[in-house]
Amino acid sequence: MRGMFRVAIAEYKRWLYNPRILLLFILIIYARETVGKILCEHAVAMQTELHCLEPYIALNNSQIAILIMPIFFLVLMSDFPVMEGSYLWAIYRAGKIKWIFTQMLYSLFAILTVMGGMFLSAILSCWGSITMQGGWSDVTTRYHLAFPNEINAMVTQLIRGDVYNQLSIGHAFALSVGLTVLMLLLYCAIMLCGKIYGKKYLPLCVCIGLIGLGATLQWVQTRWVFLFPAGHALLSGHRQEYVREPIMPYWMSYLYFIIALMVVLIIAIIGIKRRDVCKKL
């Protein structure tokens, strides 16, 4: 286990030193300008404070972000996993199955880095209007009442009644982080599986197709969205706004991702067992 962790850290450091990491700053600026900054302006307008978790929950629950953020992440991970040159020797020494789980651990570190950057950006953009006390702020629950002319503004739709009426802010944050991590891990597993089977572009096309179809169905608000990862990653749409009756229980979204991950990883394990690591994969 310690060896797997060391290899994953080495891969993660290589990823951090790649020039593509500069794209993360573009994603962070996007988070600030599209959500954090506007929520801060709303807090000032209402002369109140935001809870420190609200900007990130709002960002992670954005139908635009659920399209843009995974695509940026896939670009950052476009060479995942590296299976050329000396890395073939690393697969031979570590063992094929251990290598697969090492790559998934490395992808988890990359996912947490991207999400951490977006979280800090959302917090810092609202600095001065942030509190760690209480629950959902009036900006989330009452802005549409205070400014009815802006009821259809995109930012006012980020945290909807089916979220703040049914979940505490801590529970919403934990669910948002957990489901997004699982969604991005699934995309990484698809990339890994495709590389093992020697398909260079197909896994990326599959991931982009899943992202695009999921985001489109989320916009038209149909239950078919739960066939795709995006529908399960967003908090909105899982419950009724006022009645405590689930449309799609959150535990089923976790189960969806866990089963999908297991299926893709089993296919990857079968594929790599059939490969000769002494040859280019």
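**Exercise 1. Describe how H4 and H6 cross and which residues make the contact.**

The crossing of H4 and H6 is right-handed, a word used when the near helix is turned clockwise from the far one by less than a right angle, with left-handed for anticlockwise. This is a predicted model, in which local features need pLDDT of at least 70 and side-chain atom pairs count only at pLDDT 80 or more, while totals for chains, interfaces and linings use all residues. Residues are numbered from 1 along each chain as its sequence is written, and side-chain values use heavy atoms, with hydrogens and water left out.

Step 1. Helices are DSSP runs (H or I, at least four residues), numbered from the N terminus. H4 and helix H6 (residues 96–125) pack at an angle of about 135°, and their axes are 11 Å apart; axes are lines fitted to C-alpha atoms over the stretch in contact, and angles run from 0 to 180 degrees between N-to-C directions.

Step 2. H4 is therefore oblique to H6, since angles under 35 degrees count as roughly parallel, over 145 as roughly antiparallel, 65 to 115 as roughly perpendicular and the rest as oblique.

Step 3. Met69, Phe73 and Leu76 of H4 meet Ser107, Ala110, Ile111, Val114 and Met118 of H6, where contact means heavy atoms within 4.5 Å.

**Exercise 2. Find which residues are linked in a network of salt bridges, and follow each pair.**

Step 1. Three salt bridges are found in a search of the whole structure, each being a side-chain nitrogen of Lys or Arg within 4 Å of a carboxyl oxygen of Asp or Glu.

Step 2. Arg14 and Glu11 form a salt bridge at 3.3 Å, N to O, and both lie in helix H1 (residues 2–17), three residues apart, which is about one turn of the helix. Glu11 is buried, with a relative accessible area of 6%, whereas Arg14 is partly exposed at 23% (buried means under 20% relative accessible area, exposed over 50%, partly exposed in between, with a 1.4 Å probe and protein chains only).

Step 3. Asp79 also forms a salt bridge with Arg14, their closest N and O atoms being 3.4 Å apart. This pair links distant parts of the chain, 65 residues apart, with Asp79 in the loop between helix H4 (65–76) and helix H5 (87–94).

Step 4. The side chains of Arg20 and Asp79 meet at 3.1 Å, N to O, and Arg20 lies in the loop between H1 and helix H2 (22–46), 59 residues from Asp79.

Terms used:
Helices (H or I, at least four residues) and strands (E, at least two) are DSSP runs, numbered from the N terminus.
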